[in-house]
Amino acid sequence: MPEAVAKIGIKIIVNGKTCSLSVEPRQLLVELLRETLDLTGTHVGCDTSYCGACTVLLNGKAVKSCTVFAFQADGGEITTVEGVEKSGNLHPIQKAFGEAYGLQCGYCTPGLMLSTFQLLSKTKDPTEKDLRKAIAGNTCRCTGYQNVLKAMTFAAKAMKESNGHQV
Amino acid sequence: MDAIGGVLCRCTGYRKIISAVIDAGREQILMSSAPAGTAVGNRMVRLDGLAKITGKEIYGADEIPSGALLLRVIRCPFHRAGFQFGDLEKYAKQNAITCVLTAKDVPGENRYGVIPKFADQPVFAESEARFKGEAVAAVAGAQAAVEKLDLTQFPVVWNELPALMTIDQALTPGAPQLHHGREQNVLVRGRVVRGDVDAALRNAEITAELEVETGFVEHACIEPEAGFARRAGDTIEIQACTQSPYMDRSDIARILGIAEASVRIIPTAVGGGFGTKLDLSVQPFLALAAWKLNLPVRMVYSRTESMISTTKRHPARMWAKAGAGRDGKLQALDFRADFNTGAYSSWGPTVSARVPVHASGPYFVPHYRALTRAVHTHLVPAGAFRGFGVPQMAIAQEQLYDELADRVGMDRLEFRILNSLTNDLPTVTGQVLGEGVGIRACFEALRPRWKAARKEAVDFNSSAQHLRRGVGVAGMWYGCGNTSLPNPSTMRVGLKSDGRIALHQGAVDIGQGSATVVTQICADALGCSIDRFDLLSGDTSITPDCGKTSASRQTFVSGKAAYMAGEALRREILRLVKACDCAKISFENGSVEVHEDKKLHRISLADLPIDKHGYVLTAEATFDPPTRALDENGQGMPYAVYGFGAHLAEIEVDTELGTIKVLRITAAHDVGRAINPTLIEGQIEGGVAQGIGMALMEEFFPGKGENLHDYLIPSAGDIPPIESILIEDPSSIGPYGAKGIGEQAVIPTAPAILNALHDAIGIRLRKIPATPDRVRAEILRCGITGASRG
Ligand code: FES
Ligand code: FES
């Protein structure tokens, strides 16, 4: 049997809910989200912190959750794709990805949306360069990024019109 | 129609739809609903989109049955090795593992393959592993115990053997033979011959010759292969990401030695497939363990495991020579290609068969010979990757035609227009298509941008120093569906007593949107709004066989079956009230109204009996596209329908660094009918991105760089604006005239870029991709400096 490893108690807020958990020191944030909290909208696509499929917001910043130990998130606030919707309504970024067809297989989409989230929470009028830079760490194999950029443009516009709604 | 941005031209016999990306002035929001009979041709939102933007979609790794064991595979660390196991029982005991599986534990046949006649891949190697990454054993047990195993300590003794790493080594007389009966390691040969190519080349006024090689290309689906299996009595259930549930079912039945009816495949959403998820990956391991232990078992490939063990695009070594008259008319093409098919057959036979049919490109070539071989080596199996060898072939053929045009002294685009295949000219297999040959229209659609871009490049180069711009064009044709083989899809559609429609569609949507397209087609054929449809898919126990998602066949073949099923249901409804064909049907909640002249029939659905499928009316239809076998010279009718296209690439080369930046791609595709223009543009844009990767950066070296840090794929900064031009030159066979697009989109990009490279600095590389080191080396070899080329 595996030897017992001393666990670490952490307290995090995930999608608005406070969770007190005890985690192994080696556990990655993405494993905690997917396996312990069953939030499988955050995906894993590589072993080398490259693809960005695992991107979530940690204290408002887009991070690759495969690169963060769960205990490092202690005291922090995490938003995953499941927490982007507010009171049953799609967030403008989600709507934009749907309406601009910013996805095909959809595996990269949660990560792309959260990178967009971080960008638009700071930059109301992003240039094309801003858009491309914001998703430089998110790899998509299906779309060729054209409609992803379009979705980001739609989202920026919608959020500006609704005056920074929900961000 | 008004939802479609630019309907520019119908008078030339085809229709063009152009849309540019991030064009703020023309925002095309997708439609979520359309009145009955108007779904086809509209930019409908994809039906499975909501789950994907809310994170609720279930991919291969997203569900874990409670109590599931974890499975891991022990893989050969050498390109070729014999091996012997130590004490496996002791190992299992010491490590608290539930079981260790090896070839001995396969109750049925330890062999599978996508083409039954060639099936040669064992689930676990038996005495010799034939490639680095081949499975020899697996362990299953409680997650914590299995996760913590250091698999390099697994009790196996390897005996490394000399491996065949190249096509030449494999073909050398006396080389070890990988498979019995495959002399000189040749898996299969392909051949298409027409006319007298030797005489025609001897007599041609102008000839050009070219040799080029390409490497392994990795699919790099962002989702690694994953799934779980469980046993339910005498049935094995496998839930995993796959492009071909019905083929999986047959193979698993054979491996377990049970009836197909005892295998249930539940495909999850697929996080990218592109051909690699046509072959089995995790499924046989999971099935064996769950069957043996009667416990649920799951597994997720690591990225490295996925890269070393799943199929790749075939490396190709190609030679070609073409001849033309001084008038610019193509007279002959002689083409030869060897494909490195790796250790097992996978789709090697398909690649070898498809390439000779296509190597002329979309042109009329009266004298023709194309010979191919798929050759086994001790490397990872090469299989299906968007285009079955045709993208590699186009890299040779389209560069060669550029050379020929230059020697004739013709504009490279006009040369292609002059030689374009037409409705009335025979293809190299002797098929006269008679309709829907839209290649000329594709080239003509590129003409304005071609002229403007060439002028801009000349202007730029006249003052530039080390930066040089170039413009290139390439054409493409691609047969939809299997090559001269049966290829049926079956769709079932049922009318429920509440007035909703159930569409049982087994065509796996791998992201391209086929579920949406198929529903649009069925809805219009039935005459019912798409909102009324409930989709049932993704389970071999509830959907009839729709074949596999490959060969650009789902819109064309499954779409046609959906059309026929929709029409059949419509006829059933009309028959109920004995109405004529011209009657109009409207669907309400709980009832259907049939309007005929002045008569109105109201059918109350609750009054109708429920049939064996659970519906008040059910219709089922099968479509198998008409093809004819090829004779010994490859003459016949390999496909019922071809898609056509042409890309124009504008690039900038940094002659000091050898780097290439793609500035813009313009892509014209004849899709027959754009059932959903947005989804088609998505296919084009994704195809172009993969074409850019193939041209400039992607090459997998077995044994090296087995991760996404070393194996580069394009990121957002690498992809320029892409303009799509959709040409609609309809096929009378496809649903509403539609043809395929999935693979077509990737084919012309790489050759267009390579032609642009030649246009910019006058070099042609012998080895693709055109990575900076290769470009720079060739620049140095040719003594090119920015200033010296005026
Ligand atoms: S899983 Fe690829 S970056 Fe995290
Ligand atoms: S949509 Fe498939 S990886 Fe982005």
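Student: What makes the largest nonpolar core a core, and which residues have the most contacts inside it?
Tutor: A nonpolar core is a set of buried Ala, Val, Leu, Ile, Met, Phe, Trp, Tyr and Cys residues joined through C-beta atoms within 7 Å. Buried means that 20 or more other C-beta atoms lie within 10 Å of the residue's own, with C-beta atoms placed from the backbone. The largest such set has 307 residues, and Ala138(B), Leu286(B), Ala287(B), Ala289(B), Cys522(B), Ala565(B) and Ile753(B) have the most contacts inside it. The model is predicted: local features need pLDDT of at least 70, side-chain atom pairs count only at pLDDT 80 or more, and totals for chains, interfaces and linings use all residues. Residues are numbered from 1 along each chain as its sequence is written, and chains are lettered from A and ligands numbered from 1 in the order in which they are written.

Student: Which residues does Ala289(B) touch?
Tutor: Contact requires C-beta atoms, placed from the backbone, within 7 Å. Leaving out residues up to four places away in sequence, Ala289(B) touches Leu71(B), Cys99(B), Leu101(B), Ala138(B), Ala140(B) and Val297(B).

Student: How many helices and strands are there in chain A?
Tutor: Five helices and five strands, counted as DSSP runs (H or I, at least four residues; E, at least two) numbered from the N terminus.

Student: Why is chain A called as compact as a globular protein of that length?
Tutor: The globule rule, 2.2 Å times the number of residues to the power 0.38, is set against a radius of gyration taken over C-alpha atoms. For 167 residues the rule gives 15 Å and chain A has 16 Å, which is close, so the description holds.

Definitions and conventions:
Buried ≥ 20, exposed ≤ 12 C-beta atoms within 10 Å, placed from the backbone. Contact = placed C-beta atoms within 7 Å.
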